[in-house]
Structures are given as structure tokens and as C-alpha cells.
Amino acid sequence: MTGATLASIAGGESRKGRLLSNPKLDQWICFWSIPVFYILFGVIFVLLGRIMPPPTPTMSTENIIAFMTSPNLSLAVVLLALSLGMYALNSGLMLTQMKRMVGVSPVLRYAYIAVLGVGGLPGCLFPGYMFALGAFRPEYDPEILAMLYDLGFLCFVGSLGCFIIQYVVFTIAVFLDKRGIFPKWLGYFSIWTLVTELVATPVFITQTGPYAWDGLLSFYQGTLIWVAWQTSVTICLYQAIKNQPLEELGLPLKENEL
Amino acid sequence: MQTKDQRICLWIAPFFGLLFVFAFWNFQGFFPPMSPTMSAEEVAAFYRDHLGHIRSSMILCNVIGVSLIPFFTVIVVQMMRMNNASRVFSYSYLIAVINGGTLFALADLAWLNAAYRPDRDPQLTMLLNDLAWFAFITPVGFVLVQNFCLAMAVYLDKGPAPIFPRWVAHFNIVTALLMAPSAFALMYKTGPLAWDGAISFWLHIATYALYIAVMFFVLRSAVQKQADEETMLQSSWKEQTA
């Protein structure tokens, strides 16, 4: 980073010029994909798909067919298939920032992104496909539609393990990090979020009450705390990128440093 | 010499590419593609009539299903060499590659499962067939992110000697946009966007094949350049120490 470019960033260039010459442009692009992705996530699952908040597991066959054939469910899954890949940008950014931690070996950041890579499919795209299948062919036998309905919601609400290990790995990294890339309270918050995932485990054995997939504990509590956690992580990521010294921005890696 | 392994991974692509062409041609359900408007009985009859072809093709696809991943990791390694401020696009690219591969493996298993018991209830055969086609045609979001990451990394490669020429970035954006509409195969049973349609099937497959072929030559010259640079460095080091 030369003095001249630094001055031009600080100084009075045009807004667009400043944006394009921002030395952290690559990270900022990935960062802003996070709010875009979660807004889309809301549009897909809440507004269009009506998948969140979830309907009851004890729904009658006619209502299941009505849910599956609601006009915008397919469109919701189309948008999901188009946009789910964006979480890769989110994970890549997390890895980049975790790399700056001191006292944390690569093992935790690789584990973090690998676990997220596993979780996105059974927990998000696969349930989307189950609903899209029902929407695609309401003429399937009613038992098949009922199975797709169950499979969709059990995968969507019940894919717990991948995210539990994500929180475990993240918490350990935050606590071990001597450099404080992320604040310690975010580690405690992650443990709290982890517990809500554990609380949701009875979702597979009950169809009514607070532990069912539309229940107060399994769904509402977990989702509420997760939204707060995700928001906090995003804000902390913003701070981390902002506070990253320019000297750390880097030259290409040599092959033994990948 | 750090480029021998990259060359091996690179030459894997044409070899497995040919096997893919053979497996797809042999499947009987690709050229022309099966129609989503077939009834459950027609789908079941299709599996009964082409059992040998479907099984042999999909077993081959099972074996070679993710064989292009080493090819994509050559792209990752070349992205890591670019003069970017961070490696964020390389990491994101790798994550997107992993997920795209998983979906194809899932499609293959659904096809094989549909062919496993040809006397199964036709409704179930149709369900597995639908799932296979969905997983095969529609998860384009991963390709979008993959190509976007590569394109951005190339645009931001500020070094004096960029690893990839700039048109590679444009090319990645264009091919991603051509493949993106395939997601709508989840919605339409007829027309160009259906899974057997002109856009969702033919344009998608043709673009992907062209993409792999073009990237093969782009990568070949990038790896060659890397090898030349390393030889030069070595010889200049020898001269200095001599």
C-alpha cells in the first residue's frame, strides 16, 4: 500500500472512485452479501413460501395439499436455489477474519466452514426441494405429499447437529483468540444459541406442544435467538473488517501457506 | 516444481469429460431429455424399458460424479496466487464447489434408486425421478457464486502480470447468467424453462461444456506461466549462488 493510494482513499475522490479503490473491497462485497442473503431468506421463507412460521405437524391431507399448492411456494424455492450459494461468500469471509486470530490454528476455521458447507444442504436446500416437489405435482398420492411435508419441515427445523458444531467451533475460536478479533461476549452468546438447538431435539418425536416443529421452544425460541445471534455476528464482522490494519492486506500466498 | 500436481488435476478434466459425454449419451433420458409431463406410468415404463442403460450410465456417473473437483481446485490454487487484498474469493469459491458436487451425487443416487426396483409403485419411481432432475438441473446458485467469485478475483487482480486475462472474468459472468434461469425448472413443466426445455436443459448443458473446455485452456496457460516463472527463479538463484 503506497502513501499516495492511502491519501487518495482518505481524500476527496468521487464516491464511486473511493468505493472501487477501497483496499478491502473484496471483503466488503462478501460482507454486504450477508444482509442481502438474509433479506432474501426472509422473503423466501416468510413472505413467499409461508414456510416460516411453520404450519402444524398435525395438518389434514387437504390442508397439506393446500399448503403445497399455495401460489408462491415454487417461486420461493426457485429463489432459494438461485441465492443459497451466497452463504459461501459469508463462510469465506468468516474464514478470512478467523485467519487473523492469534493462538488459533487453521483447524478451527477449516472446521467452521466445512461444517457450514455440510449444514446448508440438509437444512435448507433439501427441504426446499421437498416442498417444490409437492408444489410441482399436487397429483402425487396423498401419502407421498404428507411424507414430503414431514420431510421438508423435519429437515428445515431439525437439522441441528451441523449448526451445533458450528457454534462449538466458533466459541472455542473466540475464546482462544488472544487478539480479540471478535468480542468475548459473542462466544457466550454462541453457547446460548447452541443450547437452543439442543432444546429442539425432541422435534423428531412429538407432533404437538412446545417441542413440535411449530412449537414455542423448538421453533420460536430457537429462531428468535438465532436471528439475534446472526445479527450480532454480522455487526462484529463489520467491526473486524473495519479495524483490520491495511498492512495485513496481502500479497498472494505461497503454495505452502494455503 | 509445484505445478506437476496441478497439471495432473487439469488433465483429469478432458478424460472424465469424455466419460461424462458417454454416460449421458448412454442414459437414454438426456438426448432428448425426459419430459416432466410424463405420467407416473410412463416414467415407470421408461425405467423398465431402459433398465440396463440407466443403471450402467448412472453407476458410471456415480464413480466419476465429482471427478471435476480436482479441476476446480486448480482454479482455487490459481486464484490464491492472484494479487488480491485477501483470499476471501478463493475460499468462497471452494465452498461453492463442494456444494455443487454434493447435489450431483444426490441426483445420481436418486436415479439409481428409481431404477433399483422397476416394479415399484410408479408414483414412487416418479418421485425419485423428479428429485433427480431437480437436483441435476436447478441448483445453479452455487455455479453463480463460483463464477462470481472467480470474476471478482480477476477484476481485482492488480498485479503487473495478472494470472488470468481480463476476458476470463467477463466470460465467467456471462456463462453464469446463461445457466441461472435453470432454477425455474422447479416451477414449469413445459416451455423453455422446464427441465427438458431449450434454456434449462440445452443451453445449460451446452454452456457448462463450453465453460469447462474454455477454462481448461485458460488454466493450462496459467499453470504453464507459473512453471516458467518458477524455472526462471530457480535459474537466477543458481546464477547468484554460483
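## The interface between chains A and B

In this predicted model, 43 residues of chain A and 38 residues of chain B take part in the contact. On the chain A side, at least two residues each come from helix H3 (25–48), helix H5 (73–83), helix H6 (87–98) and H7. The greatest contribution to this side is that of H7(A), which gives nine residues.

Classified by residue type, the side of chain A that touches chain B comprises 28 nonpolar, ten polar and five charged residues.

## Packing of H7(A) against H5(B)

Helix H7 of chain A (residues 106–136) packs on helix H5 of chain B (residues 88–116) at an angle of about 40°, and the two axes lie 10 Å apart. The crossing of H7(A) past H5(B) is right-handed.

From H7(A), the residues that make the contact are A:Ile113, A:Gly117, A:Gly120 and A:Leu121. H5(B) contributes B:Tyr91, B:Ile95, B:Ile98, B:Asn99 and B:Thr102. Of the residues in this helix pair's contact, five are nonpolar and four are polar, with no charged residue. In general, residues three or four places apart on an α-helix point the same way, because there are 3.6 residues a turn.

## Helix H5 of chain B

H5(B) has 29 residues, which at 1.5 Å a residue should span 42 Å. The C-alpha atoms at its ends are 43 Å apart, in agreement with that expectation.

Of the 29 residues of H5(B), 21 are buried, so this helix is largely enclosed by the rest of the structure.

Technical notes
Residues are numbered from 1 along each chain as its sequence is written. Chains are lettered from A and ligands numbered from 1 in the order in which they are written. This is a predicted model: local features need pLDDT of at least 70, side-chain atom pairs count only at pLDDT 80 or more; totals for chains, interfaces and linings use all residues. Axes are lines fitted to C-alpha atoms, for helices over the stretch in contact, and angles run from 0 to 180 degrees between N-to-C directions. Helices (H or I, at least four residues) and strands (E, at least two) are DSSP runs, numbered from the N terminus. A crossing is left-handed if the near helix is turned anticlockwise from the far one by less than a right angle, and right-handed if clockwise. Two residues are in contact if their C-beta atoms, placed from the backbone, lie within 7 Å. Ala, Val, Leu, Ile, Met, Phe, Trp, Tyr, Cys and Pro count as nonpolar, Asp, Glu, Lys and Arg as charged, and the others, Gly among them, as polar. The expected span of a helix is 1.5 Å times one less than its number of residues. A residue is buried if 20 or more other C-beta atoms lie within 10 Å of its own, exposed if 12 or fewer, and partly exposed in between; C-beta atoms are placed from the backbone.
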